Amino acid sequence: MKSDYSLKPGMYAMTAGYYRYDDGGAAIYRITAISTLDSQVSLENGYYAKIIVDDYVSPEQFGAVGDGETDDTIPVAYAFQKGKNVIFRRKYYITGVVDAENLSMVGVGNAELYFSSRTTVSNVA
């Protein structure tokens, strides 16, 4: 998607993964001309792809690796900022602040969350 020069503002793009096919990061994006720095991807053609949030999101849609070793704090925080429900399918290592106000977390399969001693999770019901 990043290198698809045919994408123009107002169009939609669907991905099959964030880093690679079927990595759990599949999403639908709306192409825009304006940068909002809000859960978006910068495209090589100068436009931006902003993720469209449905009923749930996964951290992989925001770049989480989910291997239990890579720091996934920022993608997990973005998932909580953008979604109503966050689905965890893999192993996530969290080292910073994550605000989970008014959201639900769902673990699927062998999902695991690992927290460092510096981690703060706030507003969990």
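Arg-90 is partly exposed, with a relative accessible area of 26%; the scale used here calls a residue buried under 20%, exposed over 50% and partly exposed in between, with a 1.4 Å probe and protein chains only. The model is predicted, so local features need pLDDT of at least 70 and side-chain atom pairs count only at pLDDT 80 or more, while totals for chains, interfaces and linings use all residues. Residues are numbered from 1 along each chain as its sequence is written, and side-chain values use heavy atoms, with hydrogens and water left out.

Now to the partner of Arg-90. The structure holds one salt bridge, a term that asks for a side-chain nitrogen of Lys or Arg within 4 Å of a carboxyl oxygen of Asp or Glu. Glu-60 and Arg-90 form this kind of pair, with their closest N and O atoms 3.4 Å apart. The two residues come from distant parts of the chain, 30 residues apart: Glu-60 sits in the loop between strand 5 and strand 6, and Arg-90 in the loop between strand 7 (85-88) and strand 8 (91-94). Strands here are DSSP runs of E with at least two residues, numbered from the N terminus. In general, side chains of opposite charge can pair when their charged atoms come close.

Glu-60 itself is buried, at a relative accessible area of 1%. The strands on either side of its loop are strand 5 (56-57) and strand 6 (67-71). The side chains of Glu-60 and Arg-90 also make a polar contact at 3.4 Å; such a contact is a pair of N or O atoms within 3.5 Å where, within protein, one must be able to donate a hydrogen and the other to accept it, and residues adjacent in sequence count only if both atoms are side-chain atoms. Not counting residues up to four places away in sequence, Glu-60 touches Tyr-18, Asp-23, Gly-24, Gly-25, Arg-90 and Tyr-92, where contact means heavy atoms within 4.5 Å.

Next, the aromatic rings. Rings of Phe, Tyr and Trp (its six-membered ring) pair if their centres lie within 6.5 Å, and planes under 30 degrees apart count as stacked, over 60 as edge-to-face and the rest as tilted. The count by this rule is four aromatic pairs. Two of them are listed here.

| Pair | Centre distance | Plane angle | Class |
|---|---|---|---|
| Tyr-18 and Tyr-19 | 4.8 Å | 75° | edge-to-face |
| Phe-80 and Phe-88 | 6.1 Å | 50° | tilted |

Tyr-18 is partly exposed at 35% relative accessible area, and Tyr-19 is exposed at 52%. Phe-80 is buried, at 5% relative accessibility, and Phe-88 is buried at 4%. Phe-80, Phe-88 and Tyr-92 form one aromatic cluster.

Elsewhere, four strands make an open antiparallel sheet in the order 1-2-4-3; two strands pair if DSSP finds at least two bridges between them. Strand 1 (12-15) and strand 3 (40-42) stand at the edges with a single partner strand each, so one side of each has no neighbour in the sheet. From one strand to the next, the twist averages 30°. Strand 3 is joined to strand 4 (residues 48-51) by three bridges, and Ser-42 stands opposite Tyr-48 in strand 4.

Finally, Gly-10 lies in the segment before strand 1 and is partly exposed at 37% relative accessible area. Its C-alpha atom is 6.5 Å from that of Arg-30, 20 residues apart along the chain. Leaving aside neighbours within four places in sequence, Gly-10 is in contact with Arg-30 and Ile-31.

Conventions
Axes fitted to C-alpha atoms, helices over the stretch in contact; angles between N-to-C directions.
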